[in-house]
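Hi,

Here is the structure I promised to pass on to you. Have a look at it first, and then read my notes below.

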Amino acid sequence: MELTDEVARRAIAALHRPWWKPADPFLLTMLLERNAAQNIRLVRFGIVAAAFVNSLFCFLDYLLLPDVASTLIMVRIGVGLFFVATVELVARTSRSLSLIHVSAATGIIVAAVGWLIPALQSSQQVTLSQFMVFGTIFVLGANLFFNFRFWLSALSSVTVTIAFVYGLLFSLDINETARGVLSLYFVSVLALSLYFSWQLSLERYNSFLHSLQAQIQEKVAIEKGQQLEKIAETDPLTGLRNRRAISQDFLNLTRNGLAENEQIGLILIDVDYFKRFNDSLGHHAGDECLIALARLFSQKAEELGAVAGRHGGEEFVILTKVNTQERLRELADVFCKSVEALAIPHPDRGDDRHIVTISAGAAMTRNDGSMELTVLLQQADRALYSSKFSGRATFTIYDPTEASRDASGENLAELLKHAIARGLVSVVYQPFIDARTSRVIGYETLMRMRDFDGSLISPAVFIPVAEQTGAIHQLGRWAIEQACRDIANHGMSDVVSVNVSAMQLKTPGFPLQVTELICQFGISPKKLALEVTEGIDIALETQAQKNIEQLRAFGVQVWLDDFGTGFAGLAWLRRFDFDVVKIDRAFLHDCESTRGSCMLQDIVRLLRNRGVHVLVEGVETKQQVELLKRLGVNTMQGYYLGRPAPLEAILVHRAASQRA
Ligand code: C2E
Ligand code: CA
Ligand code: CA
């Protein structure tokens, strides 16, 4: 029996019905059907018991009404056998409860009336009138014994009562009082048992309604629970499984989902240049794109027996059972190709393609039992990173033996070639503070580079690659040009420094390049400082030495950066008179220990004894400022005093402090 909405609606209405309203026939049928098997068993047993008890009364027939006893006994036994057989036959052939009930009810009437008619012929009329009292057993049986529907109980018991009352009133030869009292007795028993029968059926109906209600409530609770679970496991935008659900899926797979030679494969997917997609087409289009991809992934995943989820942002994850790396490769390929087949337009990627593509990284668990999702995710992420650096729109399978660095370096080199032309590089300025006056006395120029999708690449990553490929010449010149332009346009306090790579410093035409820029912008050469690092052995680099001398002769300041980290710091100091020496931030950060702070103190003293202007970088706390002031450092730089910021922010800040 199904608990449909219709049933629920009817059950609730029935529970709140007024007392005089009849039962809902639909629900009543349901109730009977629900208990049909049990009721049929009851009737089959009941009719046998009734026939048996009825035949026990043969003894009383024999003792009390000997003149008609033989007929009465025949009727009792005959009718009993007949209806036991009938009920059995109906039960076996039709299995219809109503039909069985009707047969049993007919049996009661026939047994009662069939006995009464010959009994009335007896000459023992007074004895019979007393014996007839047992007729009420038929009435009680019809009403209370068989669980008949109320109307059937009523019909059979009323018929039996009418027969007996009729016999008492019109056939039996006894006095009036006895007639009256006996008839009244029959009617009373009928009324009382009808009332009980009605109560019983009402009770059965109501408890059925309550059980229905309980079932409905349980069903609603289960549905609610399922809904909540679904919400907790679903990504609201795409409807895909979220990170939480995916880790649950992973756990389920590791616990009992894998066959002998199966492993878990994980494909991490990232939408290429998605930030640019959002920026150029708007967030609504971005959402639409993610939804379309999610639909595709979940459809493909279903076809391939995998699970798709959203890992956050524009990242998706596919979890699947695999047995070979080859199979994982095939699957990753299917996902990449199917996204391209969608051909969602992406007009502003920054490369030569114009549709949305994905990069993917895939990894699989190994036989060594490495079953950690985090490990798998990390490996897939590393593979994804290589995909991005080898031109995107591709996939990579994580290979623990292969270093993915080379591929990423190659791609970065490509990016660096076009970085200036594409406007991917910019500069930020970080202030220098005079230790005595706390005044901003200048700025360091720091280069910034963005990937096509807008993400920042750290100079610590791209400068070494630019040095390897030679792109540093172009980039370095561009940085100096920016600094000169900003000095010319905005003054920029006393001095602006620019970092110069050893590669530039070793190049013969470098001083000329710088002097040309200074002349072009018409600025004072003193306002430009070049920060050189001690990363090369200066003693061996005669060209670098010549260049430094030429630049200084022209009036450009030359500063020694990251002092203390290179291998020939003192040799450099002996060779040149640097305008400023910047002590590497590592020394300041080591000052927590007494040994460290002694070291810094020694270095500062050594430099000051040589008459060098000392700058300490990497100042991050107030305590460090105090310490440096005590040590007699001239200039300070660090996040505590000012973070690197774009020109506009510097100008706003300068204007504000001038007003104050
Ligand atoms: P650097 O010359 O030592 O530059 C200082 C670096 O320290 C900058 O990192 C700056 O953001 C960071 N910094 C500043 N204050 C603090 C501080 O209080 N605490 C800490 N922990 N760090 C601080 P950035 O910008 O990432 O640059 C890293 C390196 O990249 C620079 O080190 C420099 O060697 C190189 N670089 C940056 N721009 C250029 C450039 O235009 N040309 C060349 N050749 N190299 C550059
Ligand atoms: Ca520097
Ligand atoms: Ca430095």
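**Pockets, calcium sites and a helix**

Let me begin with the second largest pocket: 23 residues line it, and those nearest its centre are Leu28, Phe150, Ser201, Leu202 and Tyr205. Please keep in mind throughout that this is a predicted model. The volume of the second largest pocket comes to about 550 Å³. Four helices each give at least two residues to its lining: H2 (25–34), H3 (36–56), H9 (150–171) and H10 (176–233). H10 provides the largest share, with 5 residues. By type, the lining of this second largest pocket splits into 14 nonpolar, 5 polar and 4 charged residues.

The largest pocket holds about 980 Å³ of space. Its lining has 38 residues, and Glu444, Leu446, Pro459, Asn499 and Asp561 are the closest to its centre. Sorted by type, the lining of the largest pocket has 14 nonpolar, 12 polar and 12 charged residues.

Which residues coordinate the calcium ion (ligand 2)? They are Glu444 (OE), Asn499 (OD1), Glu531 (OE) and Asp561 (OD), at 2.1 to 2.4 Å. Along the chain, these donors of ligand 2 follow the spacing E-x54-N-x31-E-x29-D. Glu444 sits in strand E7 (residues 440–450) and Asp561 in strand E11 (residues 557–563), so this pair links distant parts of the chain, 117 residues apart. Glu444 and Asp561 are both buried.

Asp561 coordinates both calcium ions, ligand 3 and ligand 2, which are 3.9 Å apart. Asp561 lies in strand E11, while Glu617 is in the loop between strand E13 (613–616) and helix H25 (622–631), so the two tie together parts that are 56 residues apart in sequence.

Helix H20 (residues 510–521) has 12 residues and spans 17 Å from its first C-alpha to its last, close to the 16 Å expected at 1.5 Å a residue. Its buried residues are Phe510, Pro511, Val514, Thr515, Leu517, Ile518 and Phe521. Why do they line one face of H20? Seen down the axis, these buried residues fall within an arc of 155 degrees, so they line one face of the helix. In general, an α-helix has 3.6 residues a turn, so residues three or four places apart point the same way. The face of H20 turned away from the buried side carries the exposed residues Leu512, Cys519 and Gln520.

Tyr273 counts as buried because its relative accessibility is 4%. Tyr273 and Val356 are 83 residues apart in sequence, and their C-alpha atoms are 8.2 Å apart in space.

Definitions and conventions
Residues numbered from 1 in each chain as written. Chains lettered and ligands numbered in written order. Predicted model: local features only at pLDDT ≥ 70, side-chain atom pairs only at ≥ 80, totals over all residues. Heavy atoms only, no water. Donors = N, O, S within 2.8 Å, 3.2 Å for Na, K, Ca; no water. Buried < 20%, exposed > 50% of the residue type's maximum accessible area, 1.4 Å probe, protein only. 1 Å grid on protein atoms, 1.4 Å probe; cavity = no way out; pocket = protein on both sides within 12 Å on 5 of 7 lines; lining within 4 Å. Points joined across faces, edges and corners; volume = space filled by probe spheres on them. Nonpolar A, V, L, I, M, F, W, Y, C, P; charged D, E, K, R; others polar. Expected span 1.5 Å × (residues − 1). Arc of directions from axis to C-beta.
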